[in-house]
Amino acid sequence: MCRRVDSLAAFLFISSLCISSQNAQIIPPDLSIDYNLVHSWAQGFGLELRNIGEQITRRKEVQNSFRGAHVELRNGKQLVQEIVSNLRYMMKTKVAALKKIVEAAESIVSNLTSHDPPLNHTFYSSKGDQDLRPLDYPTAIIPNMTLTKDPYFDNKLVNTQYSSIHVPTDVFDWSNNTLRAIWWSEKLDKTFIKNFEQDLTLSWQYFGSASGIMRHYPAMQWDADPVDLYDCRTRAWYIEAAVSPKDMVIIVDMSGSMTGTGVEVARQIVYNILDTLGNNDFVNVFTMINNTIFDVVTCFSDTLIQANLANVRELKLGLDALKPHGIANFPKALIKSFDILQRFRNNTLEGAGCNQAIMLISDGIYDNHYDIFKSYNLQNLSNIPVRVFTYSIGIEEDDMREEIWIACANQGYFVRLINVAEARKQVLQYVPVMSRPLALYGDDHPVSWTQVYANMIDPKMTDYLWEEKQHKDQMNLIKTYRQNKILFKTRKEREKRRSKTLKEHADQYGEAKPYMLMTSVSMPVFNKTKNDTLSWNLLGVAGVDVPIDDIKRLMMPHQLGVNGYAFIITNNGYVLIHPDFRPVFQGILKPGYNTVDMLEVELMDDDTGPRQFHDDIIHFRNEILNQENGSVWMQVKYHYDNMTRVSRIRRQYYWTEIPGTVFSLVVALPEPYGLKRIKVKTDEEFHYWTHSKSTNLMQFFKNPRFQIHPEWLYCRDYNITFSSPKEHLLYFLEKMNQQKQKWKWPNKSHDSNFVHCDKNLMKALICDARNTAWFYQDINNTIEGKIKIDQLIYKYGITLAFMATHSGLTRWIQFLHIQSTDSNYLHSQDFGEKYPRSIDEIWYKRAVEQHVVDPQSYVYSVDLDAGEIIDEKGPVPFVLASHAIFRTEDQLAAPIAVVGYQFHHSSLHSLFHNITSVCENDEDCTTCKSDELECYVLDNNAYILVTKSPKNTGKFFGELEPKIMQYLLDERVYKKVHIPDYQAVCFEEEDTPNRAPSFLTPLIYFGDTLKYIITYILWICQQFSLIASETAYSYIYFEENESDPIEKDEEITTRAPRRRKKKLTDKEKDKIEEELLLKWATITIYSASPCDHEVWLYQLQENPNKLDAYKKRASCESRPFVVQPIPASNLIMVIINNNCNMNDVAPILAKPTPVSHNDSLACIRMKTKGLDRKPLPSCRRHHPNEVQIKACGRGSNFSRIEIIHLLCSLLVTALVKISMS
């Protein structure tokens, strides 16, 4: 009994202990964060950082260096006129050179005594591919021509003493027409060379013949890797000069009789027609099936759409999906086409407003449609509104009278095609026909300026190059797999590869350096020979290239100032030049890269969704298109730093037309500092202290640690080639030193010696260099009080200090003793190479913007991948600190320089740790050393600069702490800003290895060509009874073999494969290896297409002292954190109590995601209403004498020699490329 009592007592005692223990856990401890302590941490951290910056950058000394500078108000209207004046002068010189080429070409042809070249004529071939030639024809020769790299021609190998000939792949260069054009155009070399001698700023000059050959100057070796698709007759500069703008309807017969060869030939005809259209043309494609007329693209129904790259791509994709069936209904298709064209003809605000045409593609038209044509088109035979071109497909010699009559009666052209190899040649027959009015007017040579484009690159290469890139990625992945299979399969490596792929897809930025972006000016060339049957014909088009970089240099970027810029748009509202124009993605041109509207890069600061453009911005765009002078203030938002940061600003816009072109110039200046600038010294002031005998300009630049803005035009001597802009500058400084008082600034553009100087920019640069020459002195000797700061440099790992000025000058000093102890140190030369662009560097722009918020503050930044580098034990990441210096005079303040320094991120982390580990007055408290607190330093865009875990450096705060990030948004610490990206590329997973449509991949195109050439050979052989007709028929319907889909990545398991007991044969081992390879090392193949992205970015709100959020204390019930601004910086400190229970919420991301539209991007863009465009001023669609021209078409007329050449060249090309694949 006693034992039971003792046991019961023990049980009750233990139970009471458990209950009391449980009750003790229920009582909450003191979870509040000491607000005053956090406030003192933030104050101490900010003041310490500012103290370091003040001493290292010598901010006061730099500011005092510019005490003599004066500030003046900027006149925006005058500035835009000055830029236009520069551009107009340059463009007039290009047009003058072009006119000389046109006059020379027409004169040469008019004075020819014979149109036939001598039998022994030779020429320089740009492709140099002369292996396959008929034996009874002379071979082109290339004597020992020396080709040298020329920086004025994109560093290509050229020879400026000659021109050379490019012949398209499908054009036989020894046919009579081709040889004739090559022969007489050789005399243009004298004009080319003379033009270049008179203006060394000229870029490529060329003449494109109607036969397809292009003579270009200077001579160069053509880049035909992987295949040469270039044909000058399909380029914008040729088409827009040869033919006035046109509205076009393409009718495609998709009846059952087109099955097989017919439908493929028809597709290639349409593809080639579409390739000849440009931004000033309007088009649609219809197909006939039974009693229904289908639009190839549904959303383009009953209208014409602009023939830009994006819309043409959409039409091609739509046509590629159609399959032939049913019967054709020509009357219904013709009536619909005429109705649409008449509607556009009656409304001058729609369409091209000039030529109109119907392209009719079929394998046979058997009914008479005279009544339709009489009703719509033949009421006035002297002025037929719509030309009709007919393309008849088929081997059989059927009755083609209807097709011929339609073309001839409607001032069109008829051609008959047998196979796909003829498509481009026969399609291009329509160009000389539509150019007849221009040729008959004779003396009218309209000048055409093109939209921006990538020189010598065919847009159809985009899909092919993307596919090739993925093939290379696949090969590299297999190589990595075979090097170390065990490591390859680990979870960490798999995650790393997945992360890399996601990062590549998300990074929508790319340098345009692989491509030379151009605009071209061109004019038609006519045959003016009297009493010649060719008197109404187009000889070709002459053109001159104008590199976009050359235009940018003349837009006076130094005058626009920091965060100011200028841009140019075309008559269609498309961007020619803009700082946010991004045509390249992962080294490849984006699909539809040159159809970026102004609305898609100038973003109003409103809360509208994607593609919901505000009426104000639409009105602004339309005012610019009307080429009227004007100005307007507008609140806008913009992204930068690879779309990871955002800023909202008020800008003043000024605009005006560029006379003689289809372009308009717009200048954007930021408020409040954009309308003030540093006044340039007068010539008298400048000469007073620079041209004295005791002054040596070279002494201001004697230290090699400086850079000048590489994209600005200071002084340039076009007679001499220099290795760098800095070397070019030193050459001119030496000349100024030698000439002293005799020195004279060159003329506005260039003098007779081809020397150009921007006088104001050079004066500003030399003044800045003189004022800051002391910057390289010992830092201890220039700081007030002779403060010894060696310990400061060592303590914080400071590697260098720098400064940059408004004139583009950047100086820096490095601390050598740091380099000797750190193998990962960023060498001083690397700083100048990495950051040479002064006011255009991100740290310069951010410092100036931050000055508006807080004039005393520094901007601190770290690379956003710093955490990954730390985690992988890579190079030591750095923190970059920058501070803007403004010059103030008479209440006018203008940015004049930015100073800064660079130091180890680990030093910033240590400083933060030391400060946040201390309690006030030695009292007991919870600090950041404790696990109870999570401590962060965030920048003004909510990226992490400091945290306990260094591997999280650079990450977006919302990813790690979404709940607290939402608090910061609700309390208006940060503002959430919506940024759409209308130039994005999206990825769709494909099912087969051969993903691109046949029309998009050049090698597949040549594969198809090869198959149909074989078909043609067999048909020819059949005519001579060489083989049985059944065999030929079977080849006519030859289909493309589809390879099996690549197996997709499966969920990876770490389970070891079961071992076999029996010994495996080599064949079985190879099979297992192949299965493992497919499982572990097969990438998912994607196709790239244009799309919209959107991203939410975040910006720290201004006026922290007025924000209640910084005054609130923490409590688990309502607010488990304290946030404090860090003084004199762009940073805030966030301290979170980990003991507070917070519900899990989804991470908040700051990464772009695709916008989900209900339709294709081309269809969505078409729905935007109210967008004006300005028609081209020149229109020649009719001439009364054209009725006398009876030539209206013929059938396929390949000569035997052309067939042999085409078969051999395409056969070898296709086989070689297929074997390489």
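**From a surface patch to the links between side chains**

Mentor: Asp34, Glu920, Glu923 and Asp924 form a negative surface patch. This is a predicted model, in which local features need pLDDT of at least 70 and side-chain atom pairs count only at pLDDT 80 or more, while totals for chains, interfaces and linings use all residues. Residues are numbered from 1 along each chain as its sequence is written, and side-chain values use heavy atoms, with hydrogens and water left out.

Patches take residues with over 30% relative accessible area and no salt bridge, joining like charges within 9 Å and nonpolar side chains (Val, Leu, Ile, Met, Phe, Trp, Tyr) within 5 Å. Asp and Glu count as negative, Lys and Arg as positive; His and the chain ends are not counted. Aspartate 34 is partly exposed, its relative accessible area being 41%. Here buried means under 20% relative accessible area, exposed over 50%, and partly exposed in between (1.4 Å probe, protein chains only).

We turn next to charges that are paired. Side chains of opposite charge can pair when their charged atoms come close. Counting a salt bridge as a side-chain nitrogen of Lys or Arg within 4 Å of a carboxyl oxygen of Asp or Glu, the model holds 28 salt bridges. One of them joins lysine 127 to aspartate 228, with the closest N and O atoms 3.0 Å apart. Because lysine 127 belongs to the loop between α4 (76-110) and β2 (148-150) and aspartate 228 to the loop between β7 (219-220) and α7 (236-242), this pair ties together parts that are 101 residues apart in sequence. Lysine 127 is partly exposed at 23% relative accessibility, whereas aspartate 228 is buried at 6%.

Another salt bridge brings arginine 837 and glutamate 711 together (3.6 Å, N to O). Arginine 837 lies in the loop between α28 (828-834) and α29 (842-853) and glutamate 711 in the loop between β28 (706-708) and β29 (715-717), so that distant parts of the chain, 126 residues apart, are linked. Arginine 837 is partly exposed, with a relative accessible area of 29%, and glutamate 711 is partly exposed at 43%. Elsewhere, a network of salt bridges links Asp170, Asp231, Arg233 and Arg424.

Glutamate 600 pairs with arginine 1165, their closest N and O atoms being 3.4 Å apart. Glutamate 600 is in the loop between β22 (588-589) and β23 (603-604) and arginine 1165 is in helix α37, 565 residues away, which makes this a link between distant parts of the chain. Glutamate 600 is buried, at a relative accessible area of 5%.

The loop between α10 (330-346) and β12 (355-362) carries cysteine 354 and the loop between α37 and β43 (1193-1194) carries cysteine 1179, so the pair ties together parts 825 residues apart in sequence. Cysteine 354 is buried, with a relative accessible area of 8%, while cysteine 1179 is partly exposed, with 28%.

Finally, the disulfide of cysteine 1116 and cysteine 1140 has its sulfur atoms 1.8 Å apart and is left-handed, with -75° about the S-S bond. Cysteine 1116 is in the loop between β39 (1086-1100) and β40 (1121-1125) and cysteine 1140 in the loop between β41 (1132-1137) and β42 (1153-1154), so the parts tied together are 24 residues apart in sequence. Cysteine 1116 is partly exposed, with a relative accessible area of 25%, but cysteine 1140 is buried, with 6%.

How values were computed: Accessible areas come from the Shrake-Rupley method with a 1.4 Å probe; for residues, only the protein chains shown count as cover. The place of a charge is taken as NZ of Lys, CZ of Arg, CG of Asp or CD of Glu. Helices (H or I, at least four residues) and strands (E, at least two) are DSSP runs, numbered from the N terminus. A disulfide is a pair of cysteine sulfur atoms within 2.5 Å.
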